[in-house]
Amino acid sequence: MSEKRFKRQQLKKKLFTKSRLIILNEETFEEKFSLKLNLMNVFVVVTISAILLISITTYIIAFTPLREFIPGYASNKLKKDATILAVKSDSLALEVKKNELYLQSIKKILTGDLEYAKLNKDSLLNTENQDVAKHPLTPSEAEMTLREQVALEDKYNLFEKAQSKVSLVMFPPVRGHITEKYSAAKKHYAVDIALAKDTPIKSVANGTVVFAEWTPTTGNVIIIKHRDAILSVYKHAASLTKAQGDVVRTGEVIGLAGSTGKESTGIHLHFELWKDGFAIDPTQFIDFE
């Protein structure tokens, strides 16, 4: 016990033994600065300085904009901008995918690599082949009652409202003799109309030009997108008067008839009509003669 006590006394003596720190002029040995201190004072000062330094650093990191310069930290504005850019990137990716699908559809139209669909002449909507025999044709009692009520209401109506079932009226692009008719069996999804050279070709309806270029097989081609997802295609033109992105009106001249492209057999217009990616017989809606 006495030895341990002796060691404690020696340690206490070292900690509290006063020393003097003196700064002298090296040439004149003049005293410039002196300070009395001991090991305990040095330890306390160093500890307090370390605590202050850690506290100041923590405050800067937690509550000041200077933390943005520290690797691994990001500002709220930067995070917000990154989120907005990520949303925009997703939207752009979706639009790019839609445009790619749309361009693929136009490519299929140009190459004729599409299926034929039977369409209703009045509504331009796809119809399904239904077996009428499978459906009951006898009206129910509720249906008979409704028919009687409608008949009584219509009996005293002075005017009847009639609406056209055709959602899009089409203008003939040209008038002439059809040299080759539409034939799904022969994969000829168009009508060929014989024309004189430089006969004006007109748009069948209001729309926007989505394609207007020269192709090796079909020459000058122009494709117009109309409402209700309808596309009209005009091939083998001698020249085009509209460019991609132009808005055209019904009956507006979009090109001149000619015989361009490897597949052309003479001066004529190769006219196609498409609805939702399916070919339509143009003669169902347009009188070319």
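The following exercises, each with a worked solution, concern the predicted model shown above.

Residues are numbered from 1 along each chain as its sequence is written. In this predicted model, local features need pLDDT of at least 70 and side-chain atom pairs count only at pLDDT 80 or more, while totals for chains, interfaces and linings use all residues; side-chain values use heavy atoms, with hydrogens and water left out.

**Exercise 1.** Determine how tyrosine 189 and tryptophan 274 are arranged as an aromatic pair, and where they lie.

*Solution.* Step 1: recall the criterion. Rings of Phe, Tyr and Trp (its six-membered ring) pair if their centres lie within 6.5 Å; planes under 30 degrees apart are stacked, over 60 edge-to-face, and the rest tilted.

Step 1: apply the criterion. A search of the whole structure gives 4 aromatic pairs. In the pair of tyrosine 189 and tryptophan 274, the centres are 6.0 Å apart and the planes stand at 55 degrees, a tilted arrangement.

Step 2: locate the partners. Tyrosine 189 lies in the loop between strand S3 (177-180) and strand S4 (191-194), and tryptophan 274 in strand S11 (residues 268-275), 85 residues apart. Strands (E, at least two residues) and helices (H or I, at least four) are DSSP runs, numbered from the N terminus.

Step 3: judge the burial. Buried means under 20% relative accessible area, exposed over 50%, and partly exposed in between (1.4 Å probe, protein chains only). Tyrosine 189, at 9%, is therefore buried, and so is tryptophan 274, at 1%.

**Exercise 2.** Classify the pair of tyrosine 234 and phenylalanine 271, and state which strands hold the two residues.

*Solution.* Step 1: the ring centres are 5.2 Å apart and the planes meet at 55 degrees, so the pair of tyrosine 234 and phenylalanine 271 is tilted.

Step 1: tyrosine 234 belongs to strand S8 (residues 230-240) and phenylalanine 271 to strand S11, so the pair ties together parts 37 residues apart in sequence.

Step 2: tyrosine 234 and phenylalanine 271 are both buried.
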